[in-house]
Structures are given as structure tokens and as C-alpha cells.
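Me: Please take a close look at the ligand site in this model. Then set a few other positions beside it.

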Amino acid sequence: MLKENYELVEEKITEACKRSGRERSEVTLIAVSKTKPLSDIEELLEKTDCIHYGENKVQELTDKYERISKPVKWHMIGHLQTNKVKYIVDKVCMIHSVDSINLAKVIEKEAAKKDVICPILIEVNVAEEESKFGMKTEEGLDFIHEIKAFSHIKVKGLMTIAPFVENPEENRKYFRKLRDLSLDIKSKNIDNIDMNVLSMGMTNDYEVAIEEGATMVRVGTGIFGARNYNI
Ligand SMILES: *Cc1c(COP(=O)(O)O)cnc(C)c1O
């Protein structure tokens, strides 16, 4: 079942790439395994070539990290508390959810202690939803200037979580807004700042996100099925 789900998502990604004149290799599919048992990840590992997994809780991520049978690429995609940075800074291939200077400072400090350079994305709340983390679009550039000198952080791009909508077309404008911000930042050619990653699009809207330039899509339900938060 997981294999079939995964292959269907793969197919849709390939089609969205074709529609927008992009190469399939430009888009990384991150399987969002939060709340799902390790056995689901093991099954995908056995039956598919999926190696990118997204988690939104530090405890769950480190637990799966310790128990998994072979190394995979872990992505921290959820809100991150500063006191927990030390547990994951050397275990994840990217932190997608950097939304404050304070958090960036702590990542810098903990990465220095472990002698690693931590790739990060800046989370932008382009839709300005009250309930969501992330900075405002107009704060993005100032933020970059404040952290560009941090030598144990590598800014790779931007991330957003679009609103939950019935019709994914409604989110197209937000994906476009994130891409415009990234192009704006890129045009400034700031040292130590890459803008090659756009992490946007979830189960409901990843095809639209790819049409608007997503280079990473984060798909949970579409691969693993509905989540149950009560167990
Ligand atoms: C849960 C989650 C996802 C995946 O959501 P689905 O709708 O199940 O695909 C993607 N990104 C973030 C930040 C998440 O927390």
C-alpha cells in the first residue's frame, strides 16, 4: 500500500514537472513520517528509493534516528524550541523551520560545539495566518542580513506552510510570493546565502507548488495515509 501511494505521488510529481518544463531531478520528495511507526519507514525503504523523511517533533525524530536500520536523510520541518536544538543539529540534513533570530543563534552555537555546518531554510508565513509560525515576507531580507555571518549555519532557501484549502489553486499566489521573495534575495548576491531551495507544497497542493517552483515538497498523508493523533 505504501509503495503504491508513493509511486502515485512520484507520478504526479513527474507530471507537474513536465507541465512546467522542469526536470524531475529538480524536485526532492520528502516523505513526512510524523506520528507514523518506524515500520512504515522501513517498508518504504525496502520497497522504494525514498530516502528523505520529515518529522516535526524532536523526540520522535531522535527516536526514529536511533532505531532505523539504515541511514536516511532526516528533515526537521516543525516548530523548533531553542532548548532542543542540541539534540538534532548534527542528525538532520536540513532544518526547514527557522523563524527567529534567537533560534538561528542557538543553532549556530550548537552546530559550532559539534563542529558541523547546519543547512537551514527560513520559514516565511506568506499567507500571514495567525495560527502559523514563520516571519513576515517583508522581514525576510533583514533576517538574512542578521544571520549571514553565522559560520555554522548555511542558508539554503525558504520554506512556507500554505493554508489548508479545498482547492489547491487558492494557494498558488502564496507559492508565487515565496518564489518572488527568494528571487529578490538571490538578486542581492549576499555572501554565504543560497536561495536554491524552495520547500513548499504538501499532500493537498504539492502539484501547484511544483508548478510555481518548489524544489522540495513535503508529503505525509498522500504516502502514509491519515494521521491519528490520539494514540
Ligand atoms: C505534517 C506536515 C506536512 C505534511 O502534511 P500532509 O498534508 O499530510 O502532506 C508538511 N509540512 C509540515 C511542516 C508538516 O507539519
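Reply: A polar side-chain atom of Thr-203 comes within 2.4 Å of a ligand oxygen atom. The model is predicted, and this distance is computed from it. For Lys-34, a polar side-chain atom is 2.6 Å from an oxygen atom of the ligand. For Thr-221, an N or O atom of the side chain is 2.5 Å from a ligand oxygen. On its own, the ligand exposes 390 Å². The protein buries 90% of that area.

Now the surroundings. The ligand sits in the largest pocket. Val-32, Lys-34, Ile-77 and Ile-161 are among the residues around the ligand. Met-202 and Thr-203 also belong to this set. So do Arg-218, Val-219, Gly-220, Thr-221 and Arg-227.

Next, Thr-48. This residue is in the loop that runs between α2 (38-47) and β2 (52-55). Thr-48 counts as buried because its relative accessible area is 15%, under the 20% cut-off. The Thr-48 side chain has polar partners on the backbone. A polar atom of that side chain lies 2.7 Å from the backbone oxygen of Leu-44. The backbone nitrogen of Cys-50 is 3.1 Å from a polar side-chain atom of Thr-48. Leaving out residues up to four places away in sequence, Thr-48 touches Lys-3 and Tyr-6.

Then Asp-194, in strand β7 (residues 193-199). Its relative accessibility is 24%. Asp-194 therefore counts as partly exposed, since that class lies between 20% and 50%. With residues up to four places away in sequence set aside, Asp-194 touches Lys-154, Val-155, Lys-156 and Gly-157. Take Gly-157 from that list. Asp-194 and Gly-157 are 37 residues apart in sequence. In space, their C-alpha atoms are 6.1 Å apart.

Last, Glu-130. This residue is in the loop between β5 (118-123) and α6 (140-147). Glu-130 counts as exposed because its relative accessible area is 84%, over the 50% cut-off. Glu-130 and Glu-23 are 107 residues apart in sequence. From C-alpha to C-alpha, Glu-130 and Glu-23 are 35 Å apart in space.

Back to the ligand, in brief. Thr-203 has a polar side-chain atom 2.4 Å from a ligand oxygen, and the ligand is in the largest pocket.

Definitions and conventions
Residues numbered from 1 in each chain as written. Predicted model: local features only at pLDDT ≥ 70, side-chain atom pairs only at ≥ 80, totals over all residues. Heavy atoms only, no water. Helix = DSSP H or I, 4+ residues; strand = E, 2+ residues; numbered from the N terminus. Buried < 20%, exposed > 50% of the residue type's maximum accessible area, 1.4 Å probe, protein only. Polar contact = N/O pair within 3.5 Å; in protein donor to acceptor, adjacent residues only side chain to side chain. Contact = heavy atoms within 4.5 Å. Near = heavy atom within 4 Å. Areas by Shrake-Rupley, 256 points an atom, 1.4 Å probe, with all protein chains shown as cover. 1 Å grid on protein atoms, 1.4 Å probe; cavity = no way out; pocket = protein on both sides within 12 Å on 5 of 7 lines; lining within 4 Å. Sits in = over half its atoms within 2 Å of the grid points.
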